[in-house]
Amino acid sequence: MMDIVTKQLKLEELSELKYEVHMGDSQAVHYCSIMILKFLGEYGFGSAGNSDARYMCAIGEAVVEAWEPSGLILDLSELAYEWGDRIENVFDIGHAKYGDIPFPAALIVGERSEEAIRTLILGVYSDQTIDDIDWVHRDLSSAWAYIEQKLAAYDRDKRL
(Lines give C-alpha, C1' and ligand atoms only; values in the text may rest on other atoms or scores of the structure.)
Protein backbone atom coordinates (compact mmCIF):
# COMPACT_ATOMS: atom_id res chain seq x y z
CA MET A 1 0.00 0.00 0.00
CA MET A 2 1.32 3.45 -0.84
CA ASP A 3 1.97 6.06 1.81
CA ILE A 4 0.02 9.23 1.17
CA VAL A 5 1.65 12.14 2.93
CA THR A 6 -0.28 15.37 3.21
CA LYS A 7 -0.31 18.42 5.37
CA GLN A 8 -3.27 20.62 6.12
CA LEU A 9 -3.13 24.10 4.64
CA LYS A 10 -4.94 27.34 5.45
CA LEU A 11 -4.94 30.53 3.42
CA GLU A 12 -3.97 32.47 6.53
CA GLU A 13 -0.61 30.65 6.53
CA LEU A 14 0.36 32.50 3.33
CA SER A 15 0.38 35.93 4.90
CA GLU A 16 0.20 37.92 8.11
CA LEU A 17 -1.93 40.58 6.41
CA LYS A 18 -5.41 41.19 7.79
CA TYR A 19 -8.45 42.06 5.73
CA GLU A 20 -11.91 43.58 6.09
CA VAL A 21 -14.88 43.42 3.72
CA HIS A 22 -17.59 46.08 3.67
CA MET A 23 -20.55 46.36 1.26
CA GLY A 24 -22.76 49.31 0.40
CA ASP A 25 -25.51 50.05 -2.09
CA SER A 26 -24.81 52.22 -5.09
CA GLN A 27 -26.70 55.52 -5.05
CA ALA A 28 -26.33 55.87 -8.82
CA VAL A 29 -27.60 52.46 -9.89
CA HIS A 30 -30.14 51.11 -7.40
CA TYR A 31 -29.58 47.39 -8.13
CA CYS A 32 -25.79 47.59 -7.79
CA SER A 33 -23.60 47.16 -4.73
CA ILE A 34 -20.04 48.26 -4.12
CA MET A 35 -17.54 46.26 -2.10
CA ILE A 36 -14.66 47.70 -0.12
CA LEU A 37 -11.88 45.16 0.41
CA LYS A 38 -9.30 46.54 2.81
CA PHE A 39 -5.91 44.99 3.50
CA LEU A 40 -3.92 45.98 6.60
CA GLY A 41 -0.36 45.21 7.62
CA GLU A 42 3.11 45.02 6.11
CA TYR A 43 3.46 43.68 2.56
CA GLY A 44 6.72 41.74 2.16
CA PHE A 45 9.58 43.48 0.36
CA GLY A 46 10.23 42.26 -3.21
CA SER A 47 9.80 38.52 -3.65
CA ALA A 48 9.10 38.23 0.09
CA GLY A 49 5.72 39.75 -0.80
CA ASN A 50 4.80 37.03 -3.32
CA SER A 51 2.85 35.01 -0.77
CA ASP A 52 1.13 38.21 0.42
CA ALA A 53 0.01 38.86 -3.17
CA ARG A 54 -1.25 35.28 -3.56
CA TYR A 55 -3.16 35.62 -0.28
CA MET A 56 -4.68 38.96 -1.31
CA CYS A 57 -5.77 37.53 -4.67
CA ALA A 58 -7.25 34.39 -3.09
CA ILE A 59 -9.18 36.38 -0.49
CA GLY A 60 -10.26 38.89 -3.11
CA GLU A 61 -11.61 36.30 -5.54
CA ALA A 62 -13.36 34.48 -2.68
CA VAL A 63 -15.15 37.57 -1.35
CA VAL A 64 -16.16 38.73 -4.84
CA GLU A 65 -17.53 35.25 -5.52
CA ALA A 66 -19.36 35.18 -2.19
CA TRP A 67 -21.04 38.61 -2.28
CA GLU A 68 -21.05 39.44 -6.03
CA PRO A 69 -20.49 43.21 -5.91
CA SER A 70 -20.94 45.33 -9.04
CA GLY A 71 -17.76 47.27 -8.31
CA LEU A 72 -14.73 46.96 -6.04
CA ILE A 73 -12.70 49.41 -4.00
CA LEU A 74 -9.37 47.93 -2.97
CA ASP A 75 -8.36 49.85 0.13
CA LEU A 76 -4.61 49.77 0.77
CA SER A 77 -4.64 52.93 2.90
CA GLU A 78 -3.35 51.00 5.94
CA LEU A 79 -0.98 48.71 4.05
CA ALA A 80 2.76 49.29 4.11
CA TYR A 81 4.04 48.46 0.61
CA GLU A 82 7.51 49.35 -0.72
CA TRP A 83 8.38 47.02 -3.55
CA GLY A 84 7.18 43.87 -5.32
CA ASP A 85 5.60 43.40 -8.75
CA ARG A 86 3.19 40.65 -7.76
CA ILE A 87 0.89 43.16 -6.06
CA GLU A 88 -0.19 44.08 -9.61
CA ASN A 89 -2.13 40.79 -9.73
CA VAL A 90 -4.26 42.13 -6.88
CA PHE A 91 -5.46 44.96 -9.15
CA ASP A 92 -7.26 42.35 -11.32
CA ILE A 93 -9.43 40.88 -8.54
CA GLY A 94 -12.96 40.22 -9.78
CA HIS A 95 -12.34 40.95 -13.45
CA ALA A 96 -12.56 37.32 -14.59
CA LYS A 97 -15.89 36.65 -12.83
CA TYR A 98 -18.17 38.73 -15.01
CA GLY A 99 -16.74 38.16 -18.50
CA ASP A 100 -17.94 40.97 -20.78
CA ILE A 101 -19.82 42.85 -18.04
CA PRO A 102 -17.74 45.81 -16.87
CA PHE A 103 -16.45 45.56 -13.30
CA PRO A 104 -15.21 48.96 -12.16
CA ALA A 105 -12.42 48.91 -9.61
CA ALA A 106 -10.65 51.64 -7.68
CA LEU A 107 -7.60 51.61 -5.46
CA ILE A 108 -7.02 53.65 -2.31
CA VAL A 109 -3.40 54.29 -1.37
CA GLY A 110 -2.05 55.52 1.94
CA GLU A 111 1.10 57.34 2.92
CA ARG A 112 2.94 54.00 3.37
CA SER A 113 2.03 52.73 -0.13
CA GLU A 114 1.41 55.74 -2.39
CA GLU A 115 4.90 56.28 -3.78
CA ALA A 116 5.60 52.59 -4.36
CA ILE A 117 2.23 52.09 -6.10
CA ARG A 118 2.84 55.22 -8.18
CA THR A 119 6.19 53.97 -9.46
CA LEU A 120 4.82 50.45 -9.99
CA ILE A 121 2.02 51.73 -12.25
CA LEU A 122 3.74 54.72 -13.91
CA GLY A 123 7.40 53.65 -13.81
CA VAL A 124 10.29 54.58 -11.54
CA TYR A 125 11.31 57.57 -13.67
CA SER A 126 7.83 58.99 -14.21
CA ASP A 127 7.15 62.50 -12.92
CA GLN A 128 3.40 61.90 -13.03
CA THR A 129 1.55 61.67 -9.73
CA ILE A 130 -1.11 59.39 -8.30
CA ASP A 131 -3.60 62.07 -9.40
CA ASP A 132 -2.80 61.18 -13.03
CA ILE A 133 -4.18 57.65 -12.56
CA ASP A 134 -7.97 57.91 -12.66
CA TRP A 135 -8.67 54.68 -10.73
CA VAL A 136 -6.23 55.40 -7.87
CA HIS A 137 -7.40 57.58 -4.98
CA ARG A 138 -6.28 58.81 -1.56
CA ASP A 139 -9.63 58.54 0.24
CA LEU A 140 -12.80 56.47 0.30
CA SER A 141 -15.24 59.18 -0.79
CA SER A 142 -13.23 59.89 -3.95
CA ALA A 143 -12.89 56.17 -4.79
CA TRP A 144 -16.61 55.61 -4.11
CA ALA A 145 -17.58 58.53 -6.38
CA TYR A 146 -15.35 57.08 -9.13
CA ILE A 147 -17.11 53.69 -8.94
CA GLU A 148 -20.55 55.37 -8.87
CA GLN A 149 -19.66 57.39 -11.97
CA LYS A 150 -18.49 54.25 -13.81
CA LEU A 151 -21.61 52.26 -12.80
CA ALA A 152 -23.89 55.10 -13.94
CA ALA A 153 -22.13 55.27 -17.33
CA TYR A 154 -22.27 51.48 -17.81
CA ASP A 155 -25.95 51.47 -16.80
CA ARG A 156 -26.72 54.30 -19.24
CA ASP A 157 -24.99 52.37 -22.03
CA LYS A 158 -26.93 49.19 -21.08
CA ARG A 159 -23.69 47.33 -20.35
CA LEU A 160 -24.52 46.08 -16.83
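The model is predicted, so local features need pLDDT of at least 70 and side-chain atom pairs count only at pLDDT 80 or more, while totals for chains, interfaces and linings use all residues. Residues are numbered from 1 along each chain as its sequence is written, and side-chain values use heavy atoms, with hydrogens and water left out.

The account begins with the sheet. Helices (H or I, at least four residues) and strands (E, at least two) are DSSP runs, numbered from the N terminus. Two strands pair if DSSP finds at least two bridges between them. Five strands form an open sheet in the order β1-β2-β3-β4-β5, and their pairing is mixed. At the edges stand β1 (18–25) and β5 (136–137), each with a single partner strand, so one side of each has no neighbour in the sheet. Strands β4 and β5 run parallel and are joined by two bridges. Here L107 stands opposite V136 in β5.

Helices accompany this sheet. Contact means heavy atoms within 4.5 Å. Axes are lines fitted to C-alpha atoms, for helices over the stretch in contact, and angles run from 0 to 180 degrees between N-to-C directions. Helix α4 (residues 140–156) packs on the sheet and touches β1, β2, β3, β4 and β5, its direction making about 170° with that of β4. Helix α1 lies across β1, β2 and β3 and runs at about 155° to β2.

Side chains of opposite charge can pair when their charged atoms come close. A salt bridge is a side-chain nitrogen of Lys or Arg within 4 Å of a carboxyl oxygen of Asp or Glu. By this rule the count is seven salt bridges. One of them joins R112 and E42, at 3.2 Å from N to O. R112 lies in the loop between β4 (105–109) and α3 (114–122) and E42 in strand β2 (residues 33–42), so the pair ties together parts that are 70 residues apart in sequence.

Another salt bridge joins K97 and E68, at 3.3 Å from N to O. This pair also links distant parts of the chain, with K97 in the loop between α2 (87–90) and β4, and E68 in the loop between α1 (50–67) and β3 (71–80), 29 residues apart. E65, E68 and K97 are linked in a network of salt bridges. A further salt bridge, at 2.7 Å from N to O, joins D131 and R138.
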